[in-house]
Amino acid sequence: MVVSKFLGFFMFMGGLLVFSMKRKHLLLMLLSLEFIVLSLYFLIFLYLSFLGNEYFFSMIFLTFSVCEGVLGLSILVSLIRTHGNDYFHSFNVLW
(Lines give C-alpha, C1' and ligand atoms only; values in the text may rest on other atoms or scores of the structure.)
Protein backbone atom coordinates (compact mmCIF):
# COMPACT_ATOMS: atom_id res chain seq x y z
CA MET A 1 0.00 0.00 0.00
CA VAL A 2 2.70 2.46 1.00
CA VAL A 3 4.78 1.47 -2.03
CA SER A 4 1.91 2.22 -4.42
CA LYS A 5 1.30 5.65 -2.85
CA PHE A 6 5.01 6.39 -3.15
CA LEU A 7 4.92 5.24 -6.78
CA GLY A 8 2.01 7.56 -7.55
CA PHE A 9 3.73 10.49 -5.86
CA PHE A 10 6.98 9.71 -7.71
CA MET A 11 5.09 9.59 -11.01
CA PHE A 12 3.45 12.94 -10.26
CA MET A 13 6.73 14.63 -9.33
CA GLY A 14 8.45 13.15 -12.37
CA GLY A 15 5.71 14.54 -14.60
CA LEU A 16 6.06 17.98 -13.03
CA LEU A 17 9.83 17.84 -13.49
CA VAL A 18 9.52 16.96 -17.18
CA PHE A 19 6.83 19.63 -17.62
CA SER A 20 9.09 22.30 -16.18
CA MET A 21 12.20 21.18 -18.07
CA LYS A 22 10.62 20.68 -21.53
CA ARG A 23 8.69 23.92 -21.72
CA LYS A 24 9.80 24.79 -25.26
CA HIS A 25 7.97 22.04 -27.14
CA LEU A 26 4.20 21.87 -26.92
CA LEU A 27 4.10 18.13 -27.67
CA LEU A 28 6.42 17.29 -24.78
CA MET A 29 4.41 19.54 -22.50
CA LEU A 30 1.20 17.75 -23.49
CA LEU A 31 2.80 14.33 -22.95
CA SER A 32 4.00 15.31 -19.49
CA LEU A 33 0.54 16.68 -18.64
CA GLU A 34 -1.00 13.37 -19.69
CA PHE A 35 1.53 11.57 -17.49
CA ILE A 36 0.53 13.79 -14.57
CA VAL A 37 -3.14 13.01 -15.24
CA LEU A 38 -2.31 9.29 -15.36
CA SER A 39 -0.55 9.50 -12.00
CA LEU A 40 -3.50 11.39 -10.51
CA TYR A 41 -5.84 8.73 -11.87
CA PHE A 42 -3.67 6.05 -10.26
CA LEU A 43 -3.79 7.85 -6.91
CA ILE A 44 -7.57 8.41 -7.16
CA PHE A 45 -8.06 4.75 -8.03
CA LEU A 46 -6.03 3.70 -4.97
CA TYR A 47 -7.96 6.08 -2.75
CA LEU A 48 -11.34 4.92 -4.04
CA SER A 49 -10.43 1.27 -3.70
CA PHE A 50 -10.20 1.77 0.06
CA LEU A 51 -13.61 3.47 0.20
CA GLY A 52 -15.60 0.41 -0.72
CA ASN A 53 -14.97 0.06 -4.45
CA GLU A 54 -16.88 3.16 -5.54
CA TYR A 55 -15.24 3.80 -8.90
CA PHE A 56 -17.85 6.12 -10.43
CA PHE A 57 -15.75 9.24 -9.86
CA SER A 58 -12.81 7.63 -11.63
CA MET A 59 -14.90 7.29 -14.80
CA ILE A 60 -15.83 10.98 -14.61
CA PHE A 61 -12.16 11.84 -14.12
CA LEU A 62 -11.22 9.74 -17.17
CA THR A 63 -13.87 11.50 -19.25
CA PHE A 64 -12.54 14.93 -18.37
CA SER A 65 -8.93 13.87 -18.91
CA VAL A 66 -9.78 12.57 -22.39
CA CYS A 67 -11.46 15.90 -23.18
CA GLU A 68 -8.35 17.71 -21.95
CA GLY A 69 -6.15 15.55 -24.15
CA VAL A 70 -8.28 16.18 -27.22
CA LEU A 71 -8.20 19.95 -26.67
CA GLY A 72 -4.43 19.86 -26.29
CA LEU A 73 -4.00 17.84 -29.48
CA SER A 74 -6.26 20.21 -31.39
CA ILE A 75 -4.13 23.16 -30.24
CA LEU A 76 -1.03 21.23 -31.32
CA VAL A 77 -2.46 20.51 -34.78
CA SER A 78 -3.50 24.14 -35.28
CA LEU A 79 -0.04 25.33 -34.16
CA ILE A 80 1.73 22.99 -36.57
CA ARG A 81 -0.58 23.95 -39.45
CA THR A 82 -0.07 27.67 -38.95
CA HIS A 83 3.59 27.87 -37.88
CA GLY A 84 5.13 24.59 -39.08
CA ASN A 85 6.62 23.55 -35.73
CA ASP A 86 5.63 22.90 -32.15
CA TYR A 87 7.86 25.42 -30.44
CA PHE A 88 5.89 27.17 -27.74
CA HIS A 89 7.61 30.53 -28.27
CA SER A 90 6.23 30.75 -31.83
CA PHE A 91 2.68 30.54 -30.50
CA ASN A 92 2.22 34.24 -29.68
CA VAL A 93 -1.43 34.89 -29.01
CA LEU A 94 -0.92 38.34 -27.53
CA TRP A 95 1.02 39.81 -30.47
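**First stop: a serine**

Select Ser 32: with 4% relative accessibility it counts as buried (buried means under 20% relative accessible area, exposed over 50%, partly exposed in between, using a 1.4 Å probe and protein chains only). This is a predicted model, where local features need pLDDT of at least 70 and side-chain atom pairs count only at pLDDT 80 or more, while totals for chains, interfaces and linings use all residues. Residues are numbered from 1 along each chain as its sequence is written, and side-chain values use heavy atoms, leaving out hydrogens and water.

Ser 32 sits in helix H2, residues 26–49 (helices are DSSP runs of H or I with at least four residues, strands are E runs of at least two, numbered from the N terminus). Now show what Ser 32 touches: leaving aside residues up to four places away in sequence, that's Gly 15, Val 18 and Phe 19 (contact means heavy atoms within 4.5 Å).

**Next: the stretch 6–21**

Colour residues 6–21, which are 100% helix and 0% strand, with end C-alpha atoms 22 Å apart. UniProt's unreviewed entry lists "transmembrane region" at 6–21, 28–50 and 56–80; its positions use the numbering here, feature names are shortened, and annotations may be inferred rather than shown by experiment.

**Last: helix H3**

Pick residues 56–83, helix H3. Which residues in H3 are buried? Ser 58, Phe 61, Ser 65, Gly 69, Gly 72, Leu 76 and Leu 79 are, and H2 is among what covers the buried residues of H3.

Note on methods
The expected span of a helix is 1.5 Å times one less than its number of residues.
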